[in-house]
Amino acid sequence: MNVVFTALVFLLAQASALHFYLPTGNTRCFYEDLPAHALVVAKLEALEYAENANEYFKTNNLKVQITVDETFDNDHRVVDSNSNPSGDFTFTSLEAGEHRFCLTPVYQDGSKNKWHRIFFDLAIGAAEDYADSKSLRRVDALTLQIKQLNEKLKEINYEQELIREREAIFRNQSESTNSRVVWWSIIQLAVLVGTCAYQLRHLKSFFVKQKIV
């Protein structure tokens with residue numbers, strides 16, 4: 001797994017990491033030239049500064065507004081989302097050109113006048129080539145689900161084959177039984193006809209002997 005992950009990481013066309021400080025509500029932007037149909041994976045971690053402890057810490061109340069605009073297309077916005085303080089987001093560029101990435105720390109409860117340390121890692125590569133460790137775990141989970149579905153399909157196919165075999169056996173037995181019934185009916189009819197013929201002959205002989213006819 002580690003070998004696969006390392007190989008996939010080397011397939012990335014570009015990777016950049018940012019580390020900056022920003023007050024609440026302020027925006028920091030930077031620019032990247034992206035090729036067409038490139039998968040952009042950004043990892044984000046935003047921390048709040050606590051003056052009393054003189055350190056930065058995570059808080060779920062903090063959000064980071066992320067926007068991505070195509071500067072070559074009249075600032076057409078392709079991404080506008082509020083990200084968790086720790087996580088990642090992905091999007092695929094539709095066209096080649098310069099894109100503007102902007103980050104703005106905000107609070108859900110409207111808090112202001114705080115400082116934040118923001119780590120922002122950006123990886124750019126072919127959409128079909130990129131996968132990080134989280135993606136690999138997701139792929140593993142999907143692979144497991146696919147294997148389970150394949151096993152279920154095999155079981156269903158096996159049961160269907162058994163049903164077909166049972167239907168074939170039942171059909172053969174039914175045809176054999178029907179055939180025997182037909183032959184038995186023919187035999188009974190032949191015996192009945194023979195018995196009737198014998199009785200008629202015997203009666204005729206009896207009537208002749210008795211000089212009735």
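**Salt bridges, a disulfide and confidence in a predicted model**

Student: Is Asp69 buried or exposed?

Tutor: In this predicted model, local features need pLDDT of at least 70, side-chain atom pairs count only at pLDDT 80 or more, and totals for chains, interfaces and linings use all residues. Residues are numbered from 1 along each chain as its sequence is written, and side-chain values use heavy atoms, with hydrogens and water left out. Buried means under 20% relative accessible area, exposed over 50%, and partly exposed in between (1.4 Å probe, protein chains only). Asp69 has a relative accessibility of 2%, so the residue counts as buried.

Student: Which residue forms a salt bridge with Asp69?

Tutor: A salt bridge requires a side-chain nitrogen of Lys or Arg within 4 Å of a carboxyl oxygen of Asp or Glu. For Asp69, the closest N and O atoms of the pair are 2.8 Å apart. The partner is partly exposed, at 42% relative accessible area; the residue is Arg77.

Student: How many residues apart in sequence are the parts that the pair of Cys29 and Cys102 ties together?

Tutor: Cys29 and Cys102 form a disulfide (a pair of cysteine sulfur atoms within 2.5 Å), with their sulfur atoms 2.0 Å apart. The link is right-handed, with 110° about the S-S bond. Cys29 is partly exposed at 33% relative accessible area, whereas Cys102 is buried at 7%. Because Cys29 lies in strand β2 (residues 28-34) and Cys102 in strand β8 (residues 97-107), the pair ties together parts at a sequence separation of 73 residues. 

Student: In which element of the chain is confidence lowest?

Tutor: pLDDT is the predictor's confidence in each residue, from 0 to 100. The chain averages 79, and 80% of the residues score at least 70. Confidence is highest in β8, at 93, and the lowest mean, 39, belongs to helix α1 (residues 2-10).

Student: How many contacts beyond four places in sequence does the model have for residues 129-134?

Tutor: Contact means heavy atoms within 4.5 Å. Where pLDDT is low, the predicted coordinates should not be read in detail. Over residues 129-134 pLDDT stays under 50, and the number of such contacts is 13.

Methods:
Helices (H or I, at least four residues) and strands (E, at least two) are DSSP runs, numbered from the N terminus.
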